[in-house]
Amino acid sequence: MTTLFIADLHLSENEPAITAGFLAFLQREAIHADALYILGDLFEFWIGDDEPNTLHTQVAQALSELHDKGVPCYFIHGNRDFLIGKRFAKQSKMTLLPEELVIDVYGEKILILHGDTLCTDDPGYLRFRKYIRNPLIQKIFLSLPLFLRLKIANKLRRQSKLSNRTKSSVMMDVNQLAVIKKLQDHNVIYMVHGHTHRPAIHDLTMDGQVSKRAVLGAWHDTGSVFKIDADNNIELISFPLQED
Ligand SMILES: O=C(CCCCNC(=O)Nc1ccc(S(=O)(=O)N2CCN(c3cc(Cl)cc(C(F)(F)F)c3)CC2)cc1)NO
Ligand SMILES: [Mn+2]
């Protein structure tokens, strides 16, 4: 049996093929797993659980069916879908996790997180993140009428696109010291995260031990899944989304 990790699908109504690929992945692959961890940015944007949206309903229904077939699904918020709340968690029967957590997978301790907090070379983003993760700011934002939230969201998405163009690729990747500090803070040697869209398994010698950091790939033309089996064999796999 295996435990599966995915992230950065950035599901949106403009990308129906990715949604179809995700639903097929749930029915064909996740259905046989011990658990599925979704490490953030499942959706491209999220302005509140109260937004009527057929994509959200469709995804919630599929995740709920996975749960009913005995596969628990855990979710860590990404920098896009950080407003996913209790209501969607209830509809999808996903368990919302804190932004970083050490889990036990077949006896191994693994730190899981979205990965945006590792990008410490982008102080501007981290300042923005601190602001919008503030519960009071979230309460105020969620109390705005939907049309206003949509307006703000579209503006911020445009700004993000523009500002990401000017950021160096170093700035957009994790900072090695931040990675080491996180591992030491949690006293673990394994880490799985997404966010950077740079799929790889990195070996890192830390305090004389070989530490591993698995980075999940974003879902575009291919899907990406990190798998751990009961013998602690690990695999980072990318697979075509289109049914040929
Ligand atoms: O990797 C990097 C850089 C990575 C790129 C980071 N950029 C990035 O994530 N952008 C972004 C994320 C989400 C959306 S959104 O459309 O889903 N949506 C916008 C409005 N949201 C809001 C919430 C609250 Cl509480 C408060 C407000 C407030 F106060 F602004 F009005 C707004 C809710 C969420 C739009 C853009 N660096 O290393
Ligand atoms: Mn992200």
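Contact, or touching, means that heavy atoms of two residues lie within 4.5 Å of each other. The views below show a predicted model, in which local features need pLDDT of at least 70 and side-chain atom pairs count only at pLDDT 80 or more, while totals for chains, interfaces and linings use all residues. Residues are numbered from 1 along each chain as its sequence is written, chains are lettered from A and ligands numbered from 1 in the order in which they are written, and side-chain values use heavy atoms, with hydrogens and water left out.

**View 1. The manganese ion (ligand 2) and its protein donors.**
Donors are N, O and S atoms within 2.8 Å of the metal (3.2 Å for Na, K and Ca), and since water is not among the atoms, sites may look incomplete. Here the protein donors are Asp41 (OD), Asn79 (OD1), His114 (NE2) and His195 (ND1), which lie 2.1 to 2.3 Å from the manganese ion. Along the sequence these donor residues follow the spacing D-x37-N-x34-H-x80-H. Asp41 lies in the loop between E2 and H2, and His114 in the loop between strand E6 (108-113) and helix H4 (123-132), so this pair ties together parts that are 73 residues apart in sequence. Helices (H or I, at least four residues) and strands (E, at least two) are DSSP runs, numbered from the N terminus.

**View 2. Asp41, Asn79, His114 and His195 as an annotated binding site.**
An unreviewed UniProt entry gives these residues the feature "binding site"; UniProt positions follow the numbering used here, feature names are shortened, and annotations may be inferred rather than shown by experiment. The residues span 155 residues in sequence, yet no two of their C-alpha atoms are more than 8.1 Å apart, so they gather at one spot.

Buried means under 20% relative accessible area, exposed over 50%, and partly exposed in between (1.4 Å probe, protein chains only). Not counting residues up to four places away in sequence, His195 touches Asp8, Asp41, Asn79, His114, Gly115, Asp116 and Cys119.

His10 sits in the loop between strand E1 (2-6) and helix H1 (16-28) and is buried at 14% relative accessible area, while Asp41 is buried at 1%. The side chains of His10 and Asp8 form a polar contact of 3.4 Å. Leaving aside neighbours within four places in sequence, His10 is in contact with Asp41, Leu42, Phe43, Glu44, Arg80 and His197.

Methods: A polar contact is a pair of N or O atoms within 3.5 Å; within protein, one must be able to donate a hydrogen and the other to accept it, and residues adjacent in sequence count only if both atoms are side-chain atoms.
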